[in-house]
Amino acid sequence: KFSAIAKFPKVDRDLSLLVPEQVLADKVIATVQKLGKPLVESVGIVDVYVGEKIPGGTRSLSLSLLFGDASRTLEDAEVESAIQKILTGLDREMGVKLRLQ
């Protein structure tokens, strides 16, 4: 299957999250996709880490998000707003927090 080359640029963002051990990565990805609609086109796992600098009972999950719109170029403010909505929803629904370095 072939698809046309996108007319408008995509926006990549990476998020490093602190995820409680009992929360499955699949559930985090599904929630990101749900909360990021319609701008989030794809979500992938970049890295999973447990060890130093990670609080007990959690793991670090790094995600790569691809944002886009077939009809226009997205503005940074739109992408940042979508990320904030995603982070707020992840925290509220499953206790997932942004990992601060």
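Visitor: At 25% relative accessibility, how does E78 count?

Guide: E78 counts as partly exposed: buried means under 20% relative accessible area, exposed over 50%, and partly exposed in between (1.4 Å probe, protein chains only). This is a predicted model, where local features need pLDDT of at least 70, side-chain atom pairs need 80 or more, and totals for chains, interfaces and linings use all residues. Residues are numbered from 1 along each chain as its sequence is written, and side-chain values use heavy atoms, without hydrogens and water.

Visitor: Which residue forms a salt bridge with E78?

Guide: A salt bridge puts a side-chain nitrogen of Lys or Arg within 4 Å of a carboxyl oxygen of Asp or Glu. Here R72 is the partner of E78, with the closest N and O atoms 2.7 Å apart. R72 is partly exposed, at 33%.

Visitor: How many salt bridges are found in the whole structure?

Guide: The search finds seven. Among them, K10 meets E41 at 2.9 Å, N to O. K10 sits in the segment before β1, while E41 is in strand β2, 31 residues apart. (Helices, H or I, at least four residues, and strands, E, at least two, are DSSP runs numbered from the N terminus.) R13 and E80 also pair, at 3.4 Å. Because R13 lies in strand β1 and E80 in helix α2, this pair ties together parts 67 residues apart in sequence. A network of salt bridges links R13, D76 and E80.

Visitor: Is D69 buried or exposed?

Guide: D69 is buried, at 18%. D69 lies in the loop between β3 (58-67) and α2 (76-94).
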